[in-house]
Amino acid sequence: MTRVQLADTDLFVHPLQLGGNPFGWGADRDQSFAVLDAYAEAGGNFIDTADAYSAWVEGNSGGESETIIGEWMKARGNRDEMVIATKVGMHPKGQGLDPANIRNCVDDSLRRLGTDHIDVYYAHRDDDDVDQVAVAETFDALVRSGKVSYLGASNFSLERLQKARKISTKFSLACYRVVQDRFNLVSRAAVDPQKQAYLRSEGMAELPFHSLASGFLTGKHTGGDATGSVRGDRVADFVDDQKALGALEILHDVAADHGATMTATAIAWQLTHDFIPSTIASARVPEQLTELLAGTEMQLSPDQKAALDGAWVEA
């Protein structure tokens with residue numbers, strides 16, 4: 001069973017972090033349970049969600065994903081075996097990082113998840129409208145109370161991440177140990193070489209989301225066909241981009257060399273980066289997990305990695 005250390009924490013996680021985004025809209029409760037069961041049976045132990053999932057769906061209010069995950073862990077009696085990450089700051093009724101909002105939202109997340117602690121708690125996005133020292137003190141208090149084990153920052157620029165960590169160091173507060181950004185074969189701007197160097201220097205872990213570029217890197221939606229994808233409109237941004245299609249061809253060739261799928265190869269490429277111990281990908285049905293998990297076992301040659309590294313240059 002594969003486990004990797006998450007930055008310098010005492011958490012050891014599977015290199016595939018299961019994204020909980022679809023739970024409660026792309027996958028109903030029963031379908032979500034089936035995916036979670038299959039993931040756990042394969043040795044998975046790392047689940048990502050947010051209090052805002054999936055408030056954008058008509059009839060939902062936010063927190064649906066957390067609730068499903070919490071009910072699943074209760075039904076299976078496996079909370080102690082799972083590493084749970086969730087986020088604060090984008091729930092419709094809990095926007096931003098005001099200290100009072102953080103305190104209220106963490107309690108709501110704990111209740112929905114049916115647990116007394118969250119393993120990794122993220123600021124879902126930066127908020128420059130609140131006092132940053134107060135934000136750091138609030139997150140630190142959650143760690144000291146035991147409600148949260150470790151802190152993360154999602155969608156933070158390098159400059160803002162550096163400032164946040166300077167505040168934590170200055171006041172001896174718990175600091176962000178992991179980050180989340182959009183990072184995949186055809187979208188790398190959020191984790192440019194400068195940010196990569198910073199993550200390495202600080203021993204921080206990057207846990208990318210949109211690992212498959214909303215399904216584009218599966219190779220199943222070329223020619224403008226996003227049939228069956230709940231994120232088809234996002235796929236369309238790539239299928240009309242000749243540069244992205246060129247990168248997809250290189251991905252196809254590397255996958256063919258391995259007799260593997262493009263999905264698995266895209267995951268394998270992400271995990272060649274030394275600052276990425278685990279990458280986030282979601283599944284609506286258990287069958288989709290097979291290719292994702294296969295990517296965590298693939299070993300790309302130096303030439304294959306170099307080809308994929310050069311397959312995309314940000315404008």
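Predicted model: local features only at pLDDT ≥ 70, side-chain atom pairs only at ≥ 80, totals over all residues.

Where is Ala213 found?

1. Ala213 sits in the loop between β11 (205-206) and α7 (232-239). Its phi is positive, about 50°, although the residue is not a glycine. With a relative accessibility of 2%, Ala213 counts as buried, because the cut-off for buried is under 20%.

2. Is Asn155 buried or partly exposed? At 36% relative accessibility, Asn155 counts as partly exposed.

3. Helix α5 covers residues 158-170, 13 residues in total. From its first C-alpha to its last, α5 reaches 18 Å, close to the 18 Å expected at 1.5 Å a residue. Its buried residues are Leu158, Arg160, Leu161, Ala164, Arg165, Ile167 and Ser168; note that two arginines, Arg160 and Arg165, are on that list. What do the buried residues of α5 pack against? Their partners are the helices α4 (132-145) and α6 (193-202), together with the strands β9 (148-154) and β10 (176-180).

4. Next, a peptide bond to check in your viewer. Tyr53 and Ser54 are joined by a cis peptide bond, with omega about 0°. Ser54 belongs to the loop between β4 (46-48) and α2 (64-76).

5. His124 links several of these places. This histidine is in the loop between β8 (118-123) and α4, and at 7% relative accessibility His124 counts as buried. Leaving out residues up to four places away in sequence, His124 touches Ala50, Tyr53, Lys87, Val88, Gly89, Met90, Ser154 and Asn155.

6. As for Phe216, its contacts beyond neighbours within four places in sequence are Val186, Val235, Phe238, Val239, Ala244, Leu245 and Leu248.

7. Helix packing is the next item. Two packed helices are described by the angle between their axes and the distance between the axes. The axes of α8 (residues 242-258) and α9 (residues 262-270) come within 9 Å of each other and cross at roughly 100°. That makes α8 roughly perpendicular to α9, because angles of 65 to 115 degrees count as such. On the α8 side the contact is made by Leu248, Leu251, His252, Val254 and Ala255, and on the α9 side by Met262, Thr265 and Ala266. Sorted by class, this contact has six nonpolar residues, two polar ones and no charged ones. Leu248 of α8 takes part in this contact and also touches Phe216.

8. Asn45 is in the loop between α1 (29-41) and β4. With a relative accessible area of 4%, Asn45 is buried. Its contacts, not counting residues up to four places away in sequence, are Arg3, Phe12, Val13, His14, Tyr39, Glu81, Met82 and Val83. Asn45 and Asn78 are 33 residues apart along the chain, with 9.7 Å between their C-alpha atoms.

9. Asp30, in helix α1, counts as exposed at 58% relative accessibility; 38 residues along the chain and 9.3 Å between C-alpha atoms separate Asp30 and Ile68. Ser149, in strand β9, is partly exposed at 27% relative accessibility. Apart from neighbours within four places in sequence, Ser149 is in contact with His117, Ile118, Asp119 and Val143. Between Ser149 and Glu249 there are 100 residues in sequence and 42 Å in space, C-alpha to C-alpha.

Technical notes. Residues numbered from 1 in each chain as written. Heavy atoms only, no water. Axes fitted to C-alpha atoms, helices over the stretch in contact; angles between N-to-C directions. Helix = DSSP H or I, 4+ residues; strand = E, 2+ residues; numbered from the N terminus. Parallel < 35°, antiparallel > 145°, perpendicular 65-115°, else oblique. Contact = heavy atoms within 4.5 Å. Nonpolar A, V, L, I, M, F, W, Y, C, P; charged D, E, K, R; others polar. Expected span 1.5 Å × (residues − 1). Buried < 20%, exposed > 50% of the residue type's maximum accessible area, 1.4 Å probe, protein only.
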